[in-house]
Amino acid sequence: MELFIIGIISYLMGSIPFGLILTKIFLKKDIREIGSGNIGATNALRTGNKLIGFSTLILDVLKAVIPVLYIKINFPDAVYISALCAFIGHVFPVWLKFKGGKGVATYVGILFSLNIIFGLVFSICWLIIFFISKYSSLSSLIGSLSIPVYILIFEGSENVFFYVIMFILIFFTHRENIKRLKNKEETKTKIY
């Protein structure tokens, strides 16, 4: 029962669609009708309002940090359940007919909560690939792959399976981006 409650609360926290809420409140627009139609931070930047874009990013990170850190401190055995449920909440929110974001910002929050080194590895990898390519999607894919690779090389941890699952989920959420990258049709992102 305890695991079920942890899972549900983490899912509900993760499912708060901050990109949608902020664009509705401050721009009186529906983010699902802008750019890619995604509710995440990258598409929030496409509204042309950088404050909304970066606020969405920070809030999408925090909605994973809050439940995962709380569970890590109080129920450490359930931390991976909490992390996975928060991520699934963002990607498949019940409020939006299970059509949510790509999960990258939420994954960053999970990484920093579980292990600050993993968060830094992802962030550095993301920034390097982004400054070379200007593709947020490619940066996210390579960044999420870098975590299980880093663990296998430097830690050999049994928890690598969790990070492999997370990479597979992020690969799944980016399947349309991957097609566009292959066809050289992906949109470059401006973050500055």
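1. Six helices, namely helix 3 (41-45), helix 4 (50-74), helix 6 (104-114), helix 7 (116-133), helix 8 (136-154) and helix 10 (175-182), each supply at least two residues of the lining of the largest pocket. Helices here are DSSP runs of H or I, at least four residues, numbered from the N terminus. Helix 4 gives the most, with five residues.

2. This is a predicted model, in which local features need pLDDT of at least 70 and side-chain atom pairs count only at pLDDT 80 or more, while totals for chains, interfaces and linings use all residues. Residues are numbered from 1 along each chain as its sequence is written, and side-chain values use heavy atoms, without hydrogens and water.

3. The largest pocket has a volume of about 670 Å³. It is lined by 33 residues, and Thr42, Val104, Trp126, Ser136 and Ser140 are the closest to its centre. A pocket is an open set of points on a 1 Å grid over the protein atoms alone, where a 1.4 Å probe fits, with protein on both sides within 12 Å along at least five of seven lines; lining residues have an atom within 4 Å of a point. The volume is the space filled by probe spheres set on the points, which are joined across faces, edges and corners.

4. By class, the lining of the largest pocket has 12 nonpolar, 16 polar and five charged residues. Nonpolar means Ala, Val, Leu, Ile, Met, Phe, Trp, Tyr, Cys and Pro; charged means Asp, Glu, Lys and Arg; the others, Gly among them, are polar.

5. The second largest pocket has a volume of about 390 Å³. Of its 18 lining residues, Asn38, Lys99, Gly100, Lys102 and Thr173 are the closest to its centre. Helix 10 provides the largest share of this lining, three residues.
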